[in-house]
Amino acid sequence: MRTPIIAGNWKMNQTPADAAAFVNEIKSDLDAITGVDKVVCPSFMAIPAVSELLSGSSIGVGAQNMYFEESGAYTGEVAPNMITPFCNYVILGHSERRAIFGETDELVNQKVHTALAHNLMPMICVGESFAQNEANETQAFVSAQVKAAFNGLSAEQAKQCIVAYEPIWAIGTGKSATVEQAGNIIKTSVRDTIQEIYDESVAQAIRIQYGGSVKEHNIADYMTHPDIDGALVGGASLKPSFVQLVQNAVVG
Ligand code: PGA
């Protein structure tokens, strides 16, 4: 049985002070929810404050990105050992990183290797554009992204990874994928691809989230799909109602 995981990606929102105030507002109610792993991913600047406020709670902290090198002349980048004192998770290859900052599949794969070497659980984002979706390229494209991200990982390492399937056309648009659409790609392009690379036990161990306009009112539907193990939530993770969203994810 896979424990579902709901992560809030705050993106470039919340100053450290705003983040601390927000965490104080949601902390105890979010902490009390069981049956699901809960993670918040603040901006780098807010991570230390949020991590301190959440220490001793059941709420994990993740970074939204990191570089794959350990240290050196990489102006503006953040190294893994700068986040490991505070974080257990790191989002890698978010479509905004790929589209706006030019991250390639190869770079994402290097980051995945580095994250695992530092005992950070990567949340690897994959997903197609609207044009690719219209052109019926989704399955092949997402499957290729998964293969590239897992390149060179052992089965044991692969099991530490979380994948977030986030169709780009559904991110921040309010046009969420249907449960059938999301579940189908998660099964055929993510889980089956992992099974092809490794075996059924690895494919069954890996948690796969859906992301893209997940809200308090639609999360429960996604959770009914046997292959969807939670969500990566953007906009709706910045509101106090994120607690209700997480609560609604707990099925059964
Ligand atoms: P959204 O963002 O929930 O605002 O659509 C999801 C994401 O980018 O992870």
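**Cysteines, rings and the ligand**

Modeller: Let's start with Cys161, which is buried, at a relative accessible area of 1%. (Buried means under 20%, exposed over 50% and partly exposed in between, with a 1.4 Å probe and protein chains only.) Its closest cysteine sulfur belongs to Cys125 and sits 12 Å off, too far for a bond. Keep in mind that this is a predicted model, so local features need pLDDT of at least 70 and side-chain atom pairs pLDDT 80 or more, while totals for chains, interfaces and linings use all residues. Residues are numbered from 1 along each chain as its sequence is written, and side-chain values use heavy atoms, leaving out hydrogens and water.

So what is a disulfide? A disulfide is a covalent bond between the sulfur atoms of two cysteines; here the cut-off is a pair of sulfurs within 2.5 Å. The structure has zero of them. Cys41 is in none either: the nearest cysteine sulfur, in Cys87, is 7.8 Å away. Cys41 is buried too, at 0%.

Now for the rings. A search of the whole structure turns up five aromatic pairs (Phe, Tyr or Trp rings, the six-membered one for Trp, with centres within 6.5 Å; under 30 degrees between planes is stacked, over 60 edge-to-face, the rest tilted). One of them is Tyr67 with Phe68, a tilted pair with 4.7 Å between centres and 40 degrees between planes. Tyr67 is buried at 17%, and Phe68 at 16%. Phe150 and Tyr198 make an edge-to-face pair, at 6.4 Å and 70 degrees. Phe150 lies in the loop between helix 7 (138-149) and helix 8 (155-159), and Tyr198 in the loop between helix 9 (179-197) and helix 10 (200-205), so this pair ties together parts 48 residues apart in sequence. (Helices are DSSP runs of H or I with at least four residues, numbered from the N terminus.) Phe150 is buried at 2%, and Tyr198 at 18%.

Last stop, the ligand. It is surrounded by 13 residues, with Lys11, His94, Glu166, Gly172 and Ser213 the closest (a residue counts if a heavy atom lies within 4 Å). A polar side-chain atom of Lys11 is 2.7 Å from a ligand oxygen, and a side-chain N or O atom of Glu166 is 2.6 Å from a ligand oxygen. On its own the ligand exposes 280 Å², and the protein buries 97% of that (Shrake-Rupley method, 1.4 Å probe).

Key: A polar contact is a pair of N or O atoms within 3.5 Å; within protein, one must be able to donate a hydrogen and the other to accept it, and residues adjacent in sequence count only if both atoms are side-chain atoms. Helices (H or I, at least four residues) and strands (E, at least two) are DSSP runs, numbered from the N terminus.
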